[in-house]
Structure formats: structure tokens, C-alpha cells
Amino acid sequence: MKVNLVLGSGGARGFAHVGVVDELQSRGHEVVGVAGSSMGALVGGVLAAGAMDDFVAWCRTLTRADVMRLTDLTLGAAGLVRLQRVMKELHRFIGDVRIEDLPIPYTAVATDIDQQREVWFRSGPLVAAIRASIAIPVVFTPVRIGPRLLVDGGVLNPLPVAAAIDMPGELIIGVSLFGKPPGLNQLSPSDESSDAARADNAEVAADAAQPSWTERLGESLRDSWAGKQIARVVEARPAEPEKDFEDLPSDVNIADLLGRTLDVMQGRIEVARTATNPPDVLVWVPTDCAGVLDFQRADELMDLGRSLATAEFDRVGL
């Protein structure tokens, strides 16, 4: 069957898109159009450029140390991390190809922050379109293309189904990265395929207790000279009276809080948008399987995506 594939935003959880694509192709289906926001635009762009095998092989080897080396921290810019190193690696796989020259139709969605509207890239350099679409606000620096200041496409359209409607496929398959955690999903508890998916999710979620690179970054900042000076100032402050709330939670760092906030925001937006333009088939990847910035977990997330796709495709008879 010819399929239009819509890949959603959600940071590192987007590695699950790879597993969905793999399962689709193993069943003999052909992706003849792809649209995506954020990480969905990245994976979709690699797929459209025919570079998936090499890209996947590289991603499966990524460790926390590798992710840290690719993290180009910046101070005083409009984001915590620049993406030059990441884009250099991506360029190795897809080169200087233009979107209009890709073998299948492709759309990357970004957000024009000044005009407050989404922007669809259907022509122009593929690398530039992906870079704009993955610019998670505050985390990754935005980009300017012509007069537009562009950030992550998921800000306005986390699962851009409308962008795939005019593509040549027989049906639209969407992959959402904002599924409800196991026990709260919309499938019947008696559904055997749902039970299998929950078991796989639990295995991946169990590994989530390992420190993420954001936690390690927070620890490094606390151990730095500046962090120690701040700690001395805090310790020297007069004791405050007891309160009924904790306004400085010690178990939350800024990057993880931002990621969780984006998950809530984009998940609600996605529900509203897909109510108007629902895909024919929807694979849900639960939000609690990984954090937005857990890019070192590519291997297991790809495998999770395939298991979730297997369960859903079996359920609908695809």
C-alpha cells in the first residue's frame, strides 16, 4: 500500500519514528509522501533523501558522551544550545540536496515566531528546513531564513496531518509522540496487542531512571566555580519562616522542566489539531518513555517504535 507518513514533534522520542518506518517497509508498504515537525521533520527528511540506513546505524551508536560532545553550549544567545555540530553530522548523510529534488514529496513544518504562524518548507535546501523545524524554543537557538525568525514546528503544529493530505498515498499514517502513559491510554485493557505494547514501554521506561545529559549538565554547573559562589550566597541568607510550599524544588532542573512543559503544551495542541484532520492510522508513543532531550537512547527508542507500530498495524489489519 502507498502511504503518506506524518511524523510528530517530541524531541528524542522521535527516534521511535525510525522503528515505525522499519515496520511499515517490512510489511511491504511504500512511503510515497512524508511531512513532519521538529524531530519528525528530521527523520522524515533523512527518509525522503534515501539516507536512512547510514543515519540509523550512526544514531544507534550514540552514547551520553557523544551527545555531550555534540552539545554546543552558548551563553547570551536566544537558546542554550547551538546546533552546528549536529547539523554538520546530518549533512554527512543528506548532503546539499534540495527538497524539490527529493524522490518523494516532503514537507517540514516550522513556526514563524514574529508572524505567529506555521511555515511549510516544500522547496529549498533540506538541511535548512530541518534546522528551522527542530529549533526547540530556549533549548536550541532559532534560525532566520529571509525575513522570518523560525522556531520548532511543534509550537503550532506538533503532528502536521494537513501537510500530507495532497500527497499521493492511499492513506495517512501519523506517529504521535504525546501518547498517554501506560494505564491511561485509550486502548482497551483487554487488547492483547495493547498489553504487549505496555510491556515494551515498561522496559524502556525502566531505563529512564538513568541520569540524562541534562541532569549531568546541571551537576556540572553546580560543581563549577560560579555554582559554588551561588551556593555560598544561598547558604548565607537568613533562614526563612516555614511555608506551605517549596518554591525552589530541588529535584527539578530547568532543562527537564522545559521539556515536560513543552510536552504538555504540544500534546494539548495536537489533540485539537488532529480533531480537525485525523490520520487514517495513528501510532501513539507515550510521553513517559523518554525525555525530550534523551538523545543517547536512540537504539531502544527505535525498537520501541517498531513494537508499537507492530501492535497498531496488527490491530487495524494493515
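Burial comes first: 49% of the 318 residues in the protein are buried, where buried means under 20% relative accessible area, exposed means over 50%, and partly exposed lies in between, with a 1.4 Å probe and protein chains only. This is a predicted model, so local features need pLDDT of at least 70 and side-chain atom pairs count only at pLDDT 80 or more, while totals for chains, interfaces and linings use all residues. Residues are numbered from 1 along each chain as its sequence is written, and side-chain values use heavy atoms, with hydrogens and water left out.

Now the overall fold. The secondary structure comes to eleven helices and eleven strands. These are DSSP runs numbered from the N terminus: helices are H or I with at least four residues, strands are E with at least two. Next, contacts, meaning heavy atoms within 4.5 Å. Take those between residues at least 6 apart in sequence: 78% of them join residues at least 24 apart.

On to the strands. Start with E10, residues 171-179. Nine of its nine residues are buried. Two strands pair if DSSP finds at least two bridges between them. Strand E1, residues 2-7, runs parallel to E10, and five bridges join them. In that pairing, Leu 7 has Val 175 of E10 as its bridge partner. E10 also pairs with strand E11, residues 281-286, again over five bridges and in the parallel sense. There, Ser 176 stands opposite Trp 284 in E11.

There is also an open sheet of three strands. The order is E3-E4-E7, and the pairing is mixed. Strand E3 (72-73) and E7 are the edge strands, each pairing on one side only. E3 meets strand E4, residues 79-82, in the antiparallel sense over two bridges. Leu 73 stands opposite Val 81 in E4.

Stay with E7 for a moment. What sits in the loop between strand E7 (138-140) and strand E8 (143-145)? Thr 141 does. Thr 141 is buried, with a relative accessible area of 10%. Leaving out residues up to four places away in sequence, Thr 141 touches Thr 74, Ala 77, Ala 78, Gly 79, Val 81, Arg 82, Arg 131 and Ala 135. Take Arg 82. Thr 141 and Arg 82 are 59 residues apart in sequence, but 5.5 Å apart in space, C-alpha to C-alpha.

Next, helix H3, residues 52-59. Its buried residues include Met 52, Phe 55, Val 56 and Cys 59. The buried residues of H3 pack against helix H1 (16-26), H2, helix H5 (84-94) and helix H11 (298-316).

Now the cavities. A cavity is a set of points on a 1 Å grid over the protein atoms alone, where a 1.4 Å probe fits but cannot get out; lining residues have an atom within 4 Å of a point. Grid points are joined across faces, edges and corners, and a volume is the space filled by probe spheres set on the points. The count comes to three cavities of 30 Å³ or more.

The largest cavity holds about 390 Å³ of space. It is lined by 23 residues, and the closest to its centre are Leu 42, Leu 83, Val 86, Phe 140 and Phe 295. H2, H3, helix H4 (64-70) and H5 each give two or more residues to that lining. H3 gives the most, with three. By class, the lining divides into 19 nonpolar, three polar and one charged. Here Ala, Val, Leu, Ile, Met, Phe, Trp, Tyr, Cys and Pro count as nonpolar, Asp, Glu, Lys and Arg as charged, and the others, Gly among them, as polar.

The second largest cavity has a volume of about 50 Å³. Its lining has four nonpolar, five polar and two charged residues. Helix H10, residues 254-276, gives the largest share, three residues. Among the lining residues are Ser 9, Ser 38, Ile 136 and Asp 152.

Last, Ser 38 itself. Ser 38 lies in the loop between strand E2 (30-37) and helix H2 (39-48). Buried or exposed? Ser 38 counts as buried, because its relative accessibility is 2%. Not counting residues up to four places away in sequence, Ser 38 touches Ser 9, Val 109, Ser 133, Ile 134, Ile 136 and Asp 152.

Note on methods: 1 Å grid on protein atoms, 1.4 Å probe; cavity = no way out; pocket = protein on both sides within 12 Å on 5 of 7 lines; lining within 4 Å.
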